[in-house]
Amino acid sequence: MVKSGDKTKRPPGLDGSPSHLMHRALQLALDIYTEEAGPDGLTQRQFAVLEAASRKAGLTQTDLVRATGIDRSTLADLVARMTAKGLLERERSTLDARAKAVRLSAAGEAALAAARPRVEAADMGIRALRPMGMRGAFH
């Protein structure tokens, strides 16, 4: 039985849990992204891979892991599927014969160009959730 006035410290609820709040924020951001991208649009991870590959031709999958933060096995699967869809092309790296370099295909460039306005709209929707004074860039 708990006595009234018991001052025992209780752990903070979910509203006080940074890990829970970050998870909820991620869920909300992905929901907004998915709504803007549409059912046939690129996933957030596909967009990240295409955007990173567009910045510098000939990136290896290791480079893409560093650029996107996607874990190695997930990225390898993504690159394989995106190559099969014709969004990416792979070839032997000129810098490391053991590695495959990734570059955008023409279809990948078109998909990226079509996705950028939708991603911008999603980013605006996510920023709109923040207080007015905090809607600038995330750093």
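**Sheet and helix packing in the predicted model**

Strands β1 and β3 run antiparallel and are joined by 2 bridges. Two strands count as paired if DSSP finds at least two bridges between them. Helices (H or I, at least four residues) and strands (E, at least two) are DSSP runs, numbered from the N terminus. The model is predicted: local features need pLDDT of at least 70, side-chain atom pairs count only at pLDDT 80 or more, and totals for chains, interfaces and linings use all residues. Residues are numbered from 1 along each chain as its sequence is written, and side-chain values use heavy atoms, with hydrogens and water left out.

The bridge partner of arginine 90 in β3 is valine 102.

Axes are lines fitted to C-alpha atoms, for helices over the stretch in contact, and angles run from 0 to 180 degrees between N-to-C directions. Helix α2 (residues 44-55) packs with α4 at an angle of about 80°, their axes 11 Å apart. α2 is therefore roughly perpendicular to α4 (65 to 115 degrees). Contact means heavy atoms within 4.5 Å. Arg45, Gln46, Val49 and Leu50 in α2 meet Thr74, Leu75, Leu78 and Met82 in α4. The residues of this α2 contact with α4 divide into 5 nonpolar, 2 polar and 1 charged. Ala, Val, Leu, Ile, Met, Phe, Trp, Tyr, Cys and Pro count as nonpolar, Asp, Glu, Lys and Arg as charged, and the others, Gly among them, as polar.

In helix α3 (residues 61-68), the buried residues are Gln61, Leu64 and Val65. They cover an arc of only 105° around the axis, which puts them on the same side of α3. The arc is that of the directions from the helix axis to the C-beta atoms. The buried residues of α3 pack against α2, β1, α4, β2 and β3. Exposed residues Arg66 and Ala67 lie on the face of α3 turned away from its buried side. Buried means under 20% relative accessible area and exposed over 50% (1.4 Å probe, protein chains only). Just after α3, glycine 69 takes a positive phi of about 80°.

Definitions and conventions
Angles under 35 degrees count as roughly parallel, over 145 as roughly antiparallel, 65 to 115 as roughly perpendicular and the rest as oblique.
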